[in-house]
Amino acid sequence: MSVQSNETSLQTSETPLGRDDLARLVAKDIAPGSFVNLGIGQPTLVSNYLTEEQNITLHTENGMLGMGPAAVGDEIDGDLINAGKIPVTELPGASYFHHADSFAIMRGGHLDICVLGAFQVSATGDLANWHTGAPGAIPAVGGAMDLATGAKDVFVMMTLLTREGASKIVESCTYPLTGVGCVTRVYTDKAVFLTGPDGVTVRETFGTTLEELQELLPIPLKAAPAAGRRDPGAP
């Protein structure tokens, strides 16, 4: 499968990104003043790299607005956790509310962005992140369907390949869907992808070229125009 562009100079890192570097990148891409939900797993790391100047308000589905970074040492309070049961801090003005009210925030379109993990994302932005269908696997959708449907933008944060080396970005999902056409951006250790009705565009790559990336994915890739790329030197 060939790359659908001659524009291949997308590499912004000499090596694939680790979890913390990827979380730092996602945090930089969140617009100031946004209301954001961070899903269980890798996405929770994003809270550690948001700056005070961004003025981001974090929501967690177990009933909190104004969540801060993960708690460490003497900051840990067993009663103050996020939806993934990780101890967190609270920022000035933080508030707490009933679980039902939290889901009303999610379903009511009050979140600008949610950042979720995934098992698969399709070329058109379908999301599968709650069940693989494997025998003995415990389905655990939680609030993922509510977030995928209710948030204005859905970012996915995941490794690009499975342990077996298969791409998690696919032509169409084979796992049960969480949401249809909801994902707008996919952050992986090897590249950032933009998804939508017109297919998959690569914004930047890490430790790989666009041609090498194309060999890993079963779908055609397009290079983002220069005007749509992230400046790797931007703060």
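Guide: One term before we start: Ala, Val, Leu, Ile, Met, Phe, Trp, Tyr, Cys and Pro count as nonpolar, Asp, Glu, Lys and Arg as charged, and the others, Gly among them, as polar. Also, keep in mind that this is a predicted model.

Visitor: How many charged residues are in the lining of the largest cavity?
Guide: The residues that line the largest cavity are Leu38, Gly39, Ile40, Thr44, Thr60, Met67, Asn82, Ala83 and Gly84. Sorted by class, four of the lining residues are nonpolar and five are polar. That leaves the charged class, and the count there is no residues.

Visitor: What is the volume of that largest cavity?
Guide: The structure holds one cavity of 30 Å³ or more. The volume of the largest cavity is about 30 Å³.

Visitor: Why are the buried residues of H2 on the same side?
Guide: Helix H2 spans residues 99-107, and its buried residues are Ser102, Phe103, Ile105 and Met106. They sit on the same side of H2 because the arc they cover around the axis is only 150 degrees.

Visitor: Which helix do the buried residues of H2 pack against?
Guide: Two strands are among the partners of these buried residues: E3 (57-60) and E4 (64-70). The helix they pack against is H3 (144-150).

Visitor: What is the bridge partner of valine 121 in E8?
Guide: E8, E7 and E10 form an open sheet in the order E8-E7-E10, with mixed pairing. E7 (residues 120-122) and E8 run antiparallel, joined by two bridges. In E8, the partner of valine 121 is leucine 127.

Notes. Residues numbered from 1 in each chain as written. Predicted model: local features only at pLDDT ≥ 70, side-chain atom pairs only at ≥ 80, totals over all residues. Heavy atoms only, no water. 1 Å grid on protein atoms, 1.4 Å probe; cavity = no way out; pocket = protein on both sides within 12 Å on 5 of 7 lines; lining within 4 Å. Points joined across faces, edges and corners; volume = space filled by probe spheres on them. Buried < 20%, exposed > 50% of the residue type's maximum accessible area, 1.4 Å probe, protein only. Helix = DSSP H or I, 4+ residues; strand = E, 2+ residues; numbered from the N terminus. Arc of directions from axis to C-beta. Contact = heavy atoms within 4.5 Å. Pairing = 2+ DSSP bridges.
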